Every structure is written in structure tokens, then in C-alpha cells.
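Colleague: I have a few questions about this fold. Can we go through them one by one?

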Amino acid sequence: MTVRGTLYTVSAPSGAGKTSLVNALIESIDDISVSVSHTTRACRPGEENGVNYHFIDVEQFKAMVKADEFVEHAEVFGNFYGTAKSTVDALLATGVDVILEIDWQGADQISQVFPDTVGIFILPPSIEALRTRLTGRGQDNEEIIEHRMAQAISEMSHYVEADYVIINEDFDRALVEFRSIIQAQRLTLDNQQARHGEQLQKLLS
């Protein structure tokens with residue numbers, strides 16, 4: 001019997017390094033995948049449809065909402081984002097751990113549908129570092145950056161709702177901490193009994 005994977009929500013303010021950490025984690029651990037969400041925002045340079053997001057128009061998104069296809073959905077910076085329940089269920093059923101890169105509101109919605117979800121929040125080391133990272137992207141004008149900074153301060157107050165918190169001051173150290181969370185979760189009593197139940201029983205016979 002295939003053991004069901006663990007669902008993780010990873011939240012962070014824009015500029016905290018969430019996506020870079022998730023990408024590095026996926027490359028360094030087996031049997032873990034990122035669930036690809038749907039969004040109405042434009043595809044950015046370097047992104048690929050079906051890999052980074054499923055890029056759809058507003059009409060398609062609203063049709064999926066009406067059909068109750070999303071386990072969570074929200075409007076962020078004027079664009080819609082949503083996670084399809086069927087996508088998450090299919091991945092978890094194969095035994096693969098699944099990561100959802102999602103804001104704190106979405107993480108809250110997810111945990112209500114999937115109570116065993118493990119929440120991880122990534123924070124920058126300081127407000128100054130966050131501003132430097134947002135400015136260094138070279139993608140947004142000053143007005144957008146100021147809006148993102150104000151939004152970030154509000155978002156960061158919700159770190160207390162997560163199970164784990166990573167402060168991304170040093171990328172390599174943050175990645176080690178991130179990997180440790182996944183590895184520790186796989187060694188919990190419930191997961192070890194599910195994966196090695198027969199072996200554990202033989203030890204006691």
C-alpha cells in the first residue's frame with residue numbers, strides 16, 4: 001500500500017526568498033513536488049506555463065471557482081490565484097510530499113480542508129534586507145515596491161500561525177533548516193509506522 005504524502009504550505013512575504021528555497025529543496029530531496037497553481041497574472045520572463053503556474057484568463061478562473069474546483073483561491077495584487085484540489089489529491093495519493101507556495105490566507109484555507117497540513121513560514125532577516133531584495137529584482141517601480149513593503153509587514157504578522165519558521169538570512173543555512181523539516185516529518189511515529197509497519201512488528205515478535 002502506498003503511504004500518502006505530506007502536504008506542506010510555504011508562506012512568505014514577497015522578497016523573502018521563498019521560491020528560491022523551494023526550488024533548491026526540490027533539487028536536493030527525492031519524492032517531493034510543488035503543486036502548480038492557477039493564476040490570471042501575466043507570465044513573467046523565464047516562467048513556463050504548466051511549470052511555474054497554469055496561466056489562465058479571468059473567465060476561465062471564475063468558471064473553475066463556480067465549479068468548486070479550487071481548494072483555495074484568492075486575489076493578490078489584482079490577480080487571482082487558486083489551487084486545484086484534484087491536483088493536490090492526485091500527487092499525495094502517489095506517496096509524494098507536496099509543497100504549496102501560498103500566502104497566509106491560502107494556507108489557512110488549505111489547513112481547513114487538509115488538517116494534517118504542515119505550515120512553514122519564511123521570513124527575511126530584516127525590513128532593510130527585504131527592501132534591498134525587492135529593489136534588486138529590477139522588475140517593479142518604486143510605487144509597487146512601497147505597496148509590496150506595506151503588504152509584507154502585514155503578512156509577516158501571521159508567521160505565528162505556522163508550524164515552523166525559517167529566517168532566511170543565509171541562504172545555505174536556511175536550505176539546511178528547510179530540508180531538516182521535511183526529513184524530520186518523514187521520521188514521525190505515524191509516518192514510520194505507515195512505511196515500515198511490517199518491519200517494526202517483526203522487531204517485537
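Colleague: How many bridges join strand β1 to strand β8?

Modeller: This is a predicted model. Strand β1 covers residues 7–11, and β8 covers residues 118–123. The two run parallel, and the bridges that join them number four.

Colleague: Which residue in β8 is the bridge partner of S11?

Modeller: Strands of a sheet pair through backbone hydrogen bonds, either parallel or antiparallel. Here β1 and β8 run parallel. In β8, the partner of S11 is F121.

Colleague: Which strands stand at the edges of the sheet?

Modeller: The sheet is open and has five strands, in the order β2-β7-β1-β8-β9. An edge strand here has a single partner, so one of its sides is left without a neighbour in the sheet. That describes β2 (32–34) and β9 (164–167).

Colleague: What angle does the direction of helix α7 make with that of β9?

Modeller: Helix α7 spans residues 171–186 and packs on the sheet. It touches β1, β2, β7, β8 and β9. Its direction makes an angle with that of β9 of about 160°.

Colleague: Which element supplies the largest share of the lining of the largest pocket?

Modeller: The largest pocket has a volume of about 1400 Å³, and 42 residues line it. At least two lining residues come from each of α1 (18–28), β5 (70–76), β6 (79–84) and α6 (142–156). The largest share is five residues, and it comes from α1.

Colleague: How many charged residues are in the lining of the second largest pocket?

Modeller: This pocket holds about 330 Å³ of space. Its lining has 14 residues, with R4, G5, T6, L7 and D116 closest to the centre. Five are nonpolar and six polar, and the charged ones number three.

Definitions and conventions: Residues are numbered from 1 along each chain as its sequence is written. This is a predicted model: local features need pLDDT of at least 70, side-chain atom pairs count only at pLDDT 80 or more; totals for chains, interfaces and linings use all residues. Side-chain values use heavy atoms; hydrogens and water are left out. Two strands pair if DSSP finds at least two bridges between them. Contact means heavy atoms within 4.5 Å. Axes are lines fitted to C-alpha atoms, for helices over the stretch in contact, and angles run from 0 to 180 degrees between N-to-C directions. On a 1 Å grid over the protein atoms alone, a cavity is a set of points where a 1.4 Å probe fits but cannot get out, and a pocket is an open set with protein on both sides within 12 Å along at least five of seven lines; lining residues have an atom within 4 Å of a point. Grid points are joined across faces, edges and corners, and a volume is the space filled by probe spheres set on the points. Ala, Val, Leu, Ile, Met, Phe, Trp, Tyr, Cys and Pro count as nonpolar, Asp, Glu, Lys and Arg as charged, and the others, Gly among them, as polar.
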